[in-house]
Amino acid sequence: MYKLIATVLYFVIVIFRRKLKVIDKKYLPKDPAYILTCTHRSMVEIIVLAMAVYPLEIHYMAKKELFKNRFLNWLFTSVGAFPVNRENPGPSTLKIPVKLLRNNQTVGMFPSGSRTEGAPIKKGAATIAVMSKKPIVPAVYKGPLTFKDLLFGKEKAYIQFGEAIQPTDYQLPKNEAIAEITQAVDVAMKNMSAELEKK
């Protein structure tokens with residue numbers, strides 16, 4: 001299901017409408033086992049980020065409330081998403097993305113944990129990176145905030161990638177490493193957002 005939906009959207013958004021510009025794709029590791037973190041102001045980033053790495057498949061972490069509806073549960077599950085309890089994340093929450101990464105899959109996360117601009121990022125991505133020993137690739141988005149504007153508006157969508165942050169570079173006790181990696185991701189994404197806004 002993921003490949004079918006992604007292919008249709010890629011054809012419409014990227015090929016036909018030419019609405020997406022990807023900057024610094026060179027920073028994406030050749031090995032797909034990495035964590036993609038992105039800014040999150042609307043649901044549009046989920047689609048655009050997937051288009052930016054197409055045909056690579058992203059497994060997104062999504063709040064568990066989205067899986068309560070039977071149809072949405074089927075839809076999100078069929079496209080590789082998995083639920084997370086944002087209020088009380090337990091050990092099982094982390095096992096799923098770690099297993100995906102160890103199976104050479106890409107995990108997508110929005111570390112602010114909300115669609116509020118400027119919200120502080122959470123430590124989940126860094127924790128998963130330390131547990132799996134896989135890198136984090138920061139990404140930022142600029143562009144339309146509704147699907148209607150993305151498909152039919154004149155404004156272009158931009159995704160910019162940053163250099164991978166390697167958890168193995170942080171030879172510290174686990175909690176300290178997680179804190180420093182979280183800060184590094186936060187700084188990278190803020191700097192990239194400021195840079196992208198100038199373009």
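I take contact to mean heavy atoms within 4.5 Å. The model is predicted, so I keep to its limits: local features need pLDDT of at least 70, side-chain atom pairs count only at pLDDT 80 or more, and totals for chains, interfaces and linings use all residues. Residues are numbered from 1 along each chain as its sequence is written, and side-chain values use heavy atoms, with hydrogens and water left out.

Entry on T106. I looked up T106 and found T106 in strand β5, residues 106-109, where strands are DSSP runs of E with at least two residues and helices are runs of H or I with at least four, numbered from the N terminus. Leaving aside residues up to four places away in sequence, T106 touches P32, Y34, L36, L56, E57, I58 and H59. The relative accessible area of T106 is 1%, and T106 is therefore buried (under 20% with a 1.4 Å probe, protein chains only). I also noted that the side chain of T106 reaches the backbone oxygen of P32 at 2.5 Å.

Entry on α5 and α7. I then turned to helix α5 (residues 124-132) and helix α7 (residues 174-197), which pack at an angle of about 125° with their axes 8 Å apart. The two helices are therefore oblique to each other, a class left over once angles under 35 degrees (roughly parallel), over 145 (roughly antiparallel) and 65 to 115 (roughly perpendicular) are taken out. On the α5 side I listed A126, T127, V130 and M131, which meet K174, A177, I178, I181 and T182 in α7. These contact residues divide into 6 nonpolar, 2 polar and 1 charged.

Last entry. After α5 comes K133, whose phi is positive, near 60°.

Key: Axes are lines fitted to C-alpha atoms, for helices over the stretch in contact, and angles run from 0 to 180 degrees between N-to-C directions. Ala, Val, Leu, Ile, Met, Phe, Trp, Tyr, Cys and Pro count as nonpolar, Asp, Glu, Lys and Arg as charged, and the others, Gly among them, as polar. Buried means under 20% relative accessible area, exposed over 50%, partly exposed in between (1.4 Å probe, protein chains only). A polar contact is a pair of N or O atoms within 3.5 Å; within protein, one must be able to donate a hydrogen and the other to accept it, and residues adjacent in sequence count only if both atoms are side-chain atoms.
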